Structure formats: structure tokens, C-alpha cells
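Work through the exercises below with the sequence and the model side by side. Each task is followed by a solution in steps.

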Amino acid sequence: MSGYIPDKDKASVFATHLAHVFRPEQGHIDDDVEDFITAPCQMSLPIRAFTPAKVKAALTKLNTRKTPGYDLISGQILKRLPRKTFILLTAVFNRMLTLSYFPVLWKYAEIIMIPKPGKPPHEPTSYRPISLLPTISKLFERLLLQRLNEEHDASTLLPSHLSGFRESHSTIHQVHTLVNEITMSLEEKKYCNAVFLDISQAFDRIWHPGLLFKLKHALTSNCYLLLKSHLVDRNFAVRHNNTLSDHYPIEAGVPQGSVLGPLQFLIFTADIPQAGNTTTASFADDVTVLSVNEDPVSATRHLQTHLNSLAEWYTRWRIKVNQAKSVQVTFTTRKNICPPLTFNNAPIPVTTEVKYLGLHLDQRLTWNTHIQAKHRQLDVKFRQLYWFLGRNYKLSLNKLLLYKVVFKPIWSYGVQLWGCAKSTRLKIIQRFQSKFLRNTVNAPRYVNNQLLHADLHIPSITDEIQRVATKYNDKTHNHAKDLIEHLYNSGPIDRRLR
């Protein structure tokens, strides 16, 4: 872009772009949905009221570093309020429960646009919107979420394959579920045909009538009416520097930055179709379907049948799947691969590897692609910070701190799973670690690497893998969720990695 553009015009461009984003996908009018929403609600018991002690306890858990909304009332300010204010605030919250009403001023979002790395700065799609909501609304939503968890059983409300935004569920558990299924198929010399679907703007374009339809089915009447008031009549404006754009309505999507937004998304996707001969794994908007069979044609046929039912479900609920970014991978040790698949009569690209929740899964699950990718990422970061990490820089303690904060999280993520790779591949990360430690203390060549690890109190890669894997196994074995605890005993002995 050439020339100077005022902040007002930039904010207006961003706001216009987001106004088109926060609209539902086009689809046919579902009379069943409209009739059910407009039908009178059945009578139900009122939501149990809050106590001042409960409100104060929830307030102590607020993150004071979070940026406040348009009212500039931060969590630190709320924590300094006198006791009488807590009583008045509790009365306001309880009256909201009684009237099933969420204030309009608490539904106003100020959006800050953050540039995405490596994207052209002159395009509005190259920026990520961050919504800033009033802190008091987040406090009430946190209390309401606790009430909803107490009055509704999550095990019956949400299926077990939904792992995102749920307590005691992590990305590692989700990937472990897929890796366990793939490893079993490789061990039995079968074909594991997998499809990784890419959902376009899943959170921003959720169809509000469809969401209200499912909320009314899943929750009691009082909870539904309160969440309905929380969802509708929301507005936003974009702030660029000190300039604010005009206000625009939010016509679709779950509220970004809201505490209740993830729960609404999970309820909306809870009835995704399942099949007996396939495995479905969902983490937020990442949906994966696997089909294992001795015959590649049968594995594809079962998976294609499931994809056809998914296509109908996504069309009805106005969710757009990007077939071009979705991938199909055949995990097998054999030379053949499964026949290609289609979604909505469009072919799904076939690849030999895929990046799923930050981990690279190759066709034979050797983790070679993942380790090479992490090594490249470590080298790039090391070159960027070489002015600080070079041998001429004398403060070695700062270098060690930088290693623990910046470099170690890069390679250690998911080490519970890829730590079983061959020792020749693990040495790739070990060589980088040794080079880093030698630069830290400017060690001469004759100094042993083991001596460096002992003096600097930095465990080697294999020792760190052993420590993290042991800790992960203990937590998995005693996990409160049966699906995750099942991973502890269901993993086969992988003869390929003995």
C-alpha cells in the first residue's frame, strides 16, 4: 500500500471485513429448527443463586494481566472492591439468573487486530481478531459455567470423542488417541485410512438458530433462556491505535473471548455423526476420522460412507468444510495406499504426512518428519538470537534461562509420543542441545558433553524423555476420564521401535 492511510480508515476496513466474517453460511431454511425455537419453553427449576463468598472466590481466580474491555475495569480493580460491593454485585448476578437476562453493555466487544506472521500486511485476512470483553461479564460467565457443570452431566451432554475445551483433556491426549489407533493398525499390518478435515472459520460462522435449537434440547429452560440472551444482540467495534470504528452487529459465531463460548461450540458439535466401523476424534474445530481394515478398498468404503453422512450434517448446520485444505493419509507399512476419497463430490488431497495439533505424523509413524521440522525450527530461532547466544556473550546464566524458556518448549512438546523414535533420530535434537550448551559456557572441544550436562544441571534428551514419559504414564493411569485411562493399557508393543 502506498501513501498514508488514517487510522480511522484502517479501523473501518477491518470492521467491514469482520462484519462479513461474523455472518452464517448460506443454506436452506429449516422449518423444524425455527418452529422448535419459537415454541414456548417448558417450566423448570430456577438456577441456584450465587453467594457473595462464591463470587469472591471466582474473582480471586481472575487473571489480573488480562486486558479489560471498553469500560477499562480490570480484574485488579475488581479485587480491590470493598465487601459491600461484592454483596451488591452478587445481587445483580442473582437477578440476572431470575430474569434470564444478560445486559447488552456486557455483550459489546472491542476487537484488536494482531498481524499473522508471514502474511502480507495489506490484506485484512492477514490479521487475527482479538475480542476484549468487560471483565465483569467474564466473572459472571465463570460462575454460570460452574452452575451448568453442576446441574448437567458432561459425560451425557457431550460425547467422549470431543476433547477440546474440556477439563483434564489436552492436545497430547488427543494425539495419543490417534497414535494409539495408528500404531495398532501398523502392528497388525493393516491399512489405517485417515481424513483430517479443515473447517473454515468454525467459531466465527456458527449459525445462531441452529445453536439455539441444540441449546434448547440440551439444557433446562432457565439455562437456555439465559444463554439465548447471552448470545443474541451482540455488537463489536475495531480499535486501531486510539481510533475506534463504527459499531457492527455479530450475526453468527460463538462470542470470542467469552468463557461460555467454548461450551456453546461443544454443544453445537456434540451430535456429529458417528459410525461403528470408523473412529472419530474432535479437538475444537479439528475433526479426524480413521478407518482400519486389512483391505484398503474396504477401509476407503467405510470411511467414504462416514464422510457422506458428515457432509449432510455439515450442510444442514451450515458449517463449511474446506476440501482443498483437508488431507487424506494412509498409515501403513505396506507399499499400497488406500483409494482416494471425496467430500461433497470434491476430491480430498492425498499426502504421506500431516501436521495435527503441532505434531507431524508421517505415513509409517517414524516421527522423522516431526524431528526434522523441530530441528529446523530450533536452528532458525538460534540464528535469530545468535547475537545473544554467541560465544563472545559472557552471561551464561541468561543463556540457560533462554534455553529453558524459548528453545526447550519447541522440541519437548509431545515428547511423550515421539520420544520412542529411533536413537539416530533423537541424536539430531541432542546435537543441537550439545551445541547450545557449548556456546553457553564457551567450552573447548576436549570437554565431554556429559560433563557439561552435569555442571549446568541440564538433562540430556533421552533423560528428559524418560522423565516426561514416566510422569505422563502415571497421570494417564490414574486419569479421571475412562477414555484417557484406557490408553494406558491399550497400547501395543511396537516391534518396529524395539
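The model is predicted.

**Exercise 1. Cavities**

Task: Find how the lining of the largest cavity divides by class, and describe the cavity itself.

Solution.
Step 1. By class, the lining has 10 nonpolar, 4 polar and 3 charged residues.
Step 2. These belong to a lining of 17 residues, and S131, I250, V254, P255 and Q256 lie nearest the centre of the cavity.
Step 3. The space in this largest cavity is about 130 Å³. The structure holds 3 cavities of 30 Å³ or more.

Task: Which helices each supply at least two residues of the lining of the second largest cavity?

Solution.
Step 1. The second largest cavity has a volume of about 100 Å³.
Step 2. Its lining counts 15 residues, with F265, T269, A284, V287 and Y314 nearest the centre.
Step 3. The helices are α11 (261-268) and α12 (296-316).
Step 4. Sorted by class, the lining of the second largest cavity has 12 nonpolar, 2 polar and 1 charged residues.

**Exercise 2. A network of salt bridges**

Task: Which residues are linked with E150 in a network of salt bridges?

Solution.
Step 1. Side chains of opposite charge can pair when their charged atoms come close.
Step 2. R48 forms a salt bridge with E150, and the closest N and O atoms are 2.7 Å apart. R48 lies in the loop between α2 (31-38) and α3 (52-60) and E150 in helix α6 (residues 135-151), so this pair ties together parts that are 102 residues apart in sequence.
Step 3. R147 also forms a salt bridge with E150, with the closest N and O atoms 3.1 Å apart. R147 and E150 both lie in helix α6, 3 residues apart, about one turn of the helix.
Step 4. R48 and R147 are therefore the residues linked with E150 in the network.
Step 5. R147 is buried at 4% relative accessibility, while R48 is partly exposed at 49% and E150 is partly exposed at 44%.

**Exercise 3. A pair between strands**

Task: Is E110 buried or exposed, and which strands does its salt bridge with R239 tie together?

Solution.
Step 1. The side chains of E110 and R239 meet in a salt bridge, 3.1 Å from N to O.
Step 2. E110 lies in strand β1 (residues 108-115) and R239 in strand β4 (residues 234-240), so the pair ties together parts that are 129 residues apart in sequence.
Step 3. Buried means under 20% relative accessible area. E110 has 8%, so E110 is buried. R239, at 26%, is partly exposed.

Conventions:
Residues numbered from 1 in each chain as written. Predicted model: local features only at pLDDT ≥ 70, side-chain atom pairs only at ≥ 80, totals over all residues. Heavy atoms only, no water. 1 Å grid on protein atoms, 1.4 Å probe; cavity = no way out; pocket = protein on both sides within 12 Å on 5 of 7 lines; lining within 4 Å. Points joined across faces, edges and corners; volume = space filled by probe spheres on them. Nonpolar A, V, L, I, M, F, W, Y, C, P; charged D, E, K, R; others polar. Helix = DSSP H or I, 4+ residues; strand = E, 2+ residues; numbered from the N terminus. Salt bridge = Lys/Arg side-chain N within 4 Å of Asp/Glu carboxyl O. Buried < 20%, exposed > 50% of the residue type's maximum accessible area, 1.4 Å probe, protein only.
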